[in-house]
Amino acid sequence: MARLTEGDKARNEAAIRAAMERILSGNLPPGGKTDLKTLAAVAGVTRTGFYPKKNRDGTPRPGAYQHLAEEFERRVRELQQAGEIVDPREAQIERLKAERAELKKRVADRDARLEELTGFKQLAISRLAAQHAEIERLRQQITDGANVRVLPAAADRTAPYGSCS
């Protein structure tokens, strides 16, 4: 692999910073996330520059753009802690979680209301059945003639009470 010249490195850093600002402002490409992979893709650089390397003797050395990756991750964390969710997918996930919780509450409330109405319905039906049984008992008493007198029907219902004709 060819080594980067200082000019190439400076142009890449400027592209990474510009891409960082775009991503942190919420301007993500389709299918992109607020992560280093998307940052590298938007900036047009390889991701390997964001991670530490090893020298031939095994000692670690920083990646060419590792400082920018750390700055990006720090800024993302700060925005998230401030309550500004940069990644639209994360915002969608949070919105869907809140919506799910609201729907669960509505279903629970509806189930409680249905249970209450079912109890009321059973009570109403049992009262109607008791009233019907009482009406049937009274009708049976009339047909059996058991100590029930039939009152005479009034001849003229329009006359005032107590008036003499």
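E134 is partly exposed, at 36% relative accessibility. Partly exposed sits between buried, under 20% relative accessible area, and exposed, over 50% (1.4 Å probe, protein chains only). R137 is partly exposed too, at 39%. These two side chains form a salt bridge, with the closest N and O atoms 2.5 Å apart. By salt bridge I mean a side-chain nitrogen of Lys or Arg within 4 Å of a carboxyl oxygen of Asp or Glu. Both residues lie in helix α4, residues 88–144, three residues apart, so about one helical turn separates them.

A word on the source. This is a predicted model: local features need pLDDT of at least 70, side-chain atom pairs count only at pLDDT 80 or more, and totals for chains, interfaces and linings use all residues. Numbering starts from 1 along each chain as its sequence is written, and side-chain values use heavy atoms, leaving out hydrogens and water.

Now the layout. The protein has four helices and two strands. Helices (H or I, at least four residues) and strands (E, at least two) are DSSP runs, numbered from the N terminus. The order is α-α-β-β-α-α.

Back to salt bridges. The count is 11. R11 pairs with D8, at 2.3 Å between the closest N and O atoms. R11 is exposed, at 55%. D8 is partly exposed, at 28%.

Next, helix α3. R75 and E71 both lie there, four residues apart. Their side chains meet in a salt bridge, 3.8 Å from N to O. E71 counts as buried, at 19% relative accessibility. Which residues are linked in a network of salt bridges? R17, E21, E71 and R75.
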